[in-house]
Amino acid sequence: DTARFTRESMIALVNHFWTAEMIPGVVSGGKTGTAQLGGEQDPHSWFIGFAEKGDQQVVIAVILENAGVGPNPAREVFVACAVAALAE
(Lines give C-alpha, C1' and ligand atoms only; values in the text may rest on other atoms or scores of the structure.)
Protein backbone atom coordinates (compact mmCIF):
# COMPACT_ATOMS: atom_id res chain seq x y z
CA ASP A 1 0.00 0.00 0.00
CA THR A 2 2.81 2.41 0.86
CA ALA A 3 4.66 1.76 -2.40
CA ARG A 4 1.45 2.21 -4.43
CA PHE A 5 0.65 5.47 -2.61
CA THR A 6 4.20 6.78 -3.17
CA ARG A 7 4.12 5.88 -6.88
CA GLU A 8 0.73 7.53 -7.39
CA SER A 9 1.87 10.63 -5.49
CA MET A 10 5.00 10.95 -7.64
CA ILE A 11 2.93 10.61 -10.83
CA ALA A 12 0.44 13.20 -9.52
CA LEU A 13 3.26 15.66 -8.83
CA VAL A 14 4.56 15.37 -12.39
CA ASN A 15 1.04 15.60 -13.84
CA HIS A 16 0.24 18.67 -11.76
CA PHE A 17 3.35 20.68 -12.55
CA TRP A 18 4.44 19.51 -16.02
CA THR A 19 1.38 18.08 -17.80
CA ALA A 20 0.09 14.53 -17.90
CA GLU A 21 2.97 13.37 -20.08
CA MET A 22 6.27 14.95 -19.13
CA ILE A 23 7.72 12.52 -21.68
CA PRO A 24 5.19 11.70 -24.43
CA GLY A 25 4.08 8.05 -24.31
CA VAL A 26 5.84 7.42 -20.99
CA VAL A 27 4.39 7.14 -17.49
CA SER A 28 6.64 9.16 -15.22
CA GLY A 29 6.69 10.31 -11.65
CA GLY A 30 9.11 12.19 -9.50
CA LYS A 31 10.01 14.41 -6.61
CA THR A 32 11.70 17.76 -6.92
CA GLY A 33 13.77 19.77 -4.55
CA THR A 34 16.24 22.51 -3.82
CA ALA A 35 19.08 21.94 -1.36
CA GLN A 36 19.97 25.15 0.45
CA LEU A 37 23.67 25.47 1.22
CA GLY A 38 23.73 28.70 3.17
CA GLY A 39 26.02 31.64 2.85
CA GLU A 40 26.59 33.01 -0.63
CA GLN A 41 26.43 29.61 -2.36
CA ASP A 42 23.73 28.93 -4.93
CA PRO A 43 21.52 25.97 -3.93
CA HIS A 44 21.56 22.57 -5.60
CA SER A 45 18.68 21.58 -7.89
CA TRP A 46 17.54 17.95 -7.71
CA PHE A 47 14.97 15.60 -9.20
CA ILE A 48 14.46 11.92 -8.50
CA GLY A 49 11.99 9.91 -10.48
CA PHE A 50 11.01 6.94 -12.58
CA ALA A 51 9.81 6.43 -16.12
CA GLU A 52 7.93 3.45 -17.54
CA LYS A 53 7.27 2.57 -21.16
CA GLY A 54 5.75 -0.85 -21.78
CA ASP A 55 7.88 -3.37 -19.94
CA GLN A 56 10.84 -0.96 -19.67
CA GLN A 57 11.44 0.87 -16.40
CA VAL A 58 14.14 3.24 -15.23
CA VAL A 59 14.82 5.11 -11.99
CA ILE A 60 17.02 8.21 -12.16
CA ALA A 61 18.33 10.64 -9.55
CA VAL A 62 19.81 13.96 -10.67
CA ILE A 63 21.51 16.60 -8.54
CA LEU A 64 23.03 19.67 -10.13
CA GLU A 65 25.37 21.46 -7.78
CA ASN A 66 24.87 25.21 -7.49
CA ALA A 67 22.24 25.20 -10.28
CA GLY A 68 19.98 27.62 -8.41
CA VAL A 69 16.49 27.55 -6.97
CA GLY A 70 13.92 25.18 -8.41
CA PRO A 71 13.82 21.74 -9.94
CA ASN A 72 13.75 22.59 -13.64
CA PRO A 73 17.48 22.27 -14.42
CA ALA A 74 17.60 18.81 -12.81
CA ARG A 75 14.23 17.79 -14.27
CA GLU A 76 15.47 18.58 -17.77
CA VAL A 77 18.47 16.29 -17.26
CA PHE A 78 16.13 13.58 -15.91
CA VAL A 79 13.96 13.83 -19.03
CA ALA A 80 16.96 13.56 -21.36
CA CYS A 81 18.31 10.54 -19.49
CA ALA A 82 14.92 8.80 -19.37
CA VAL A 83 14.32 9.34 -23.07
CA ALA A 84 17.74 7.86 -23.87
CA ALA A 85 17.26 4.92 -21.49
CA LEU A 86 13.84 4.04 -22.90
CA ALA A 87 14.74 4.51 -26.57
CA GLU A 88 13.77 1.56 -28.70
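This is a predicted model: local features need pLDDT of at least 70, side-chain atom pairs count only at pLDDT 80 or more; totals for chains, interfaces and linings use all residues.
Me: OK. How many bridges join β2 to β3, and in which sense do they run?
Reply: Nine bridges join β2 to β3, residues 56-64. The two strands run antiparallel.

Me: What lies between β2 and β3?
Reply: Two residues. The strands form a hairpin, and G54 sits in the turn with a positive phi of about 60 degrees.

Me: And β1, how does that strand pair with β2?
Reply: Antiparallel again, over nine bridges. β1 covers residues 27-35.

Me: So what stands opposite W46?
Reply: On the β1 side, G33 faces W46 of β2. In β3, I63 stands opposite W46.

Me: Why is β2 called largely enclosed?
Reply: Because seven of its ten residues, in the run 44-53, are buried. Buried means under 20% relative accessible area.

Me: Switching topic. How many aromatic pairs are there?
Reply: The count comes to one aromatic pair. The partners are F47 and F78, 4.8 Å centre to centre. Their planes are 50 degrees apart, which makes the pair tilted.

Me: Where in the chain do those two sit?
Reply: F47 is in strand β2 and F78 is in helix α2, residues 72-85. They are 31 residues apart, so the pair links distant parts of the chain.

Me: Are F47 and F78 buried or exposed?
Reply: Both F47 and F78 are buried.

Me: What about the largest nonpolar core? Which residues touch the most other members?
Reply: M22, I23, F47, A51, I60, F78 and A82. The core has 14 residues.

Me: Which elements give two or more residues to that core?
Reply: β2, β3 and α2. The largest share, four residues, comes from α2.

Me: Back to I60. What does I60 touch, leaving out residues up to four places away in sequence?
Reply: F47, I48, G49, F78, C81 and A82. That list includes both rings of the tilted pair, F47 and F78.

Notes
Residues are numbered from 1 along each chain as its sequence is written. Side-chain values use heavy atoms; hydrogens and water are left out. Buried means under 20% relative accessible area, exposed over 50%, partly exposed in between (1.4 Å probe, protein chains only). Two strands pair if DSSP finds at least two bridges between them. Rings of Phe, Tyr and Trp (its six-membered ring) pair if their centres lie within 6.5 Å; planes under 30 degrees apart count as stacked, over 60 as edge-to-face and the rest as tilted. A nonpolar core is a set of buried Ala, Val, Leu, Ile, Met, Phe, Trp, Tyr and Cys residues joined through side-chain atoms within 4.5 Å. Contact means heavy atoms within 4.5 Å.
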